[in-house]
Amino acid sequence: QADPAPLVAVERVDEFGITCRTWAFADLRDHDPRVVKSEILAAQVKALQAAGVAFASHPGGRPR
């Protein structure tokens, strides 16, 4: 049986941007979940930047 495909769902759109939730399969017997999360986030940022999406600064300089 193949692993389930990753899924990204839009949760909220507001004046600060778009909030998405990501689900991805990883066999935690073989992978550190912190590393998996970091790699997924880095890949998402890279793909968004390649698509020309700009990242704005957040009020107060901190992400939500």
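R34 forms a salt bridge with D32, with 2.9 Å between the closest N and O atoms; the term denotes a side-chain nitrogen of Lys or Arg within 4 Å of a carboxyl oxygen of Asp or Glu. R34 counts as exposed at 64% relative accessibility, whereas D32 is partly exposed, its relative accessible area being 30%. Here, buried means under 20% relative accessible area, exposed over 50%, and partly exposed in between (1.4 Å probe, protein chains only).

The model is a predicted one, in which local features need pLDDT of at least 70 and side-chain atom pairs count only at pLDDT 80 or more, while totals for chains, interfaces and linings use all residues. Residues are numbered from 1 along each chain as its sequence is written, and side-chain values use heavy atoms, with hydrogens and water left out.

Across the whole structure, four salt bridges are found. Among them is the pair D27 and R29, whose side chains meet at 2.8 Å, N to O; R29 is exposed, with 72% relative accessibility. Another joins the side chains of R12 and D14 at 3.3 Å, N to O. R12 is partly exposed at a relative accessible area of 40%, and D14 is partly exposed at 24%.

The protein chain contains one helix and two strands, in the order β-β-α from the N terminus. These elements are DSSP runs (helices H or I, at least four residues; strands E, at least two), numbered from the N terminus. Of the 64 residues of the chain, 2% count as buried. The chain exposes about 5,800 Å², 58% of it supplied by carbon and sulfur atoms, with accessible areas taken from the Shrake-Rupley method with a 1.4 Å probe.
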